[in-house]
Amino acid sequence: MTSDAGPGEDSDRRNVSDAAGVAVLGACAAWSLITATLQGGRPEGVLLAVLAVAAGYSTGRICGALLPVAAPCAGALAGLGLAVAVPRLAPGPQIDAPLGHAGATAALLTLCVGAACCAAWAARSPAARFAPGTLAAGITVASAVLGTISGFLACVAVLLCSLAAGRMRGRVLPLAGLALSAAVAAGLTWAVAGNALPDGLTESLEGQLTEHRVQLWQDALRMAHHHAALGVGPGRFGELSTTTAHTLLSDGKPHSALLQRAAEEGVVGVALLGATFCWMLYTLWRSPRPTPVALTAAAALTGVAVTACVGNALSFTAVSVGAGVLAGLATARPLTEESPAPETRVRPRDDRLTP
């Protein structure tokens, strides 16, 4: 199901979504600079993440317009190769044990599966969908082989959502459900950090998350409570965290994008992080691509958002770039689909001029 809007209306929609993206990403960069100026800190990490998302989104829009099937497949293969070949993205002993980099690998593989599924839905014939579909299944199997249980579950969820998207005609309810899923994950993360859950559930979650990670979250929540307006400054969590100070090998991060923004940039930082995710869902809602493509990309981005709530995925440039590329691919209008439109609009005018 493609967009039924005319070229003028479609152009207006794209302009609105693009302007919203510029405003949100610009606000993220500006607020990071403001908090760094007032509180001290190093805004380079946030600025690099903003640049990575913007560059990835622009690249995805261009490649998706030129090669709507080949470009997502190429991106999926590149992401898979990166996850396998680069040690910093593979699970195993790392310098910041016991947390590791499994979350980043899981997020990257989730984006790869989403891109392969988008390529399958963009193909014009069932036979042409076989290769991208096989690639998506292969990446899911690879996630299990690499040992990322969370990545395997996320990849399976994206596959199932993509299959379900083929039977959906509307986008509002599925996108609202995905947004609710991300909000629930954020709420659970905040509740675990604040020890607001029942004892049995808290102990079960701590067993999965590790006690060290929960202690980092609690440090971040305390900083957010004491510096709610501006935070402690970007990049300063490691300097002020008591848990990090007693850890021999640490990367100085709380391993939760939500709590890191709350601790370092306050309430506004959290709001801007949520606004960035909402902007991506909004662009997919207004996307001229078929509904299965838009919903599949939304499912993959939601998987990354959930992973980022409980891990350090967004601290890796590859994940930020990949999220931007996938959003751009799923919102690009392929050039091959635009050419027939003018002919169908010119003919009625010619008929009216004929006596």
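Let us begin with threonine 210, which sits in the loop between helix 8 and helix 9. Bear in mind along the way that this is a predicted model. Phi of threonine 210 is near 80 degrees, a positive value in a residue other than glycine. Most residues other than glycine have a negative phi. With a relative accessibility of 29%, threonine 210 counts as partly exposed, because that class covers what lies between the 20% limit for buried and the 50% limit for exposed.

Asparagine 195 is placed in the loop between helix 7 (172-193) and helix 8 (199-209), and its phi, near 55 degrees, is positive in a residue other than glycine.

Now follow the chain into helix 9. This helix, residues 211-226, packs against helix 12, residues 257-285, at an angle of about 35 degrees, and their axes are 7 Å apart. The crossing of helix 9 past helix 12 is left-handed. On the helix 9 side, Trp217, Ala220, Leu221, Met223 and Ala224 make the contact, meeting Leu259, Ala262 and Ala263 of helix 12. Sorted by class, this contact has eight nonpolar residues, with no polar and no charged ones.

Leaving aside residues up to four places away in sequence, valine 113 touches Ala136, Ile139, Thr140, Cys155, Val158 and Leu159.

What about disulfides? The structure holds zero of them. For cysteine 155, the closest cysteine sulfur is that of cysteine 112, 8.0 Å away, which is too far for a bond, because a disulfide needs the two sulfur atoms within 2.5 Å. Elsewhere, cysteine 28 also counts as buried, at 11% relative accessibility.

Our last stop is arginine 289, in the loop between helix 12 and helix 13 (291-309). Is this arginine buried or exposed? It is buried, because its relative accessible area is 2%. Arginine 289 and alanine 122 are 167 residues apart in sequence, while their C-alpha atoms are 8.3 Å apart in space.

Key
Residues are numbered from 1 along each chain as its sequence is written. This is a predicted model: local features need pLDDT of at least 70, side-chain atom pairs count only at pLDDT 80 or more; totals for chains, interfaces and linings use all residues. Side-chain values use heavy atoms; hydrogens and water are left out. Axes are lines fitted to C-alpha atoms, for helices over the stretch in contact, and angles run from 0 to 180 degrees between N-to-C directions. Helices (H or I, at least four residues) and strands (E, at least two) are DSSP runs, numbered from the N terminus. A crossing is left-handed if the near helix is turned anticlockwise from the far one by less than a right angle, and right-handed if clockwise. Contact means heavy atoms within 4.5 Å. Ala, Val, Leu, Ile, Met, Phe, Trp, Tyr, Cys and Pro count as nonpolar, Asp, Glu, Lys and Arg as charged, and the others, Gly among them, as polar. Buried means under 20% relative accessible area, exposed over 50%, partly exposed in between (1.4 Å probe, protein chains only).
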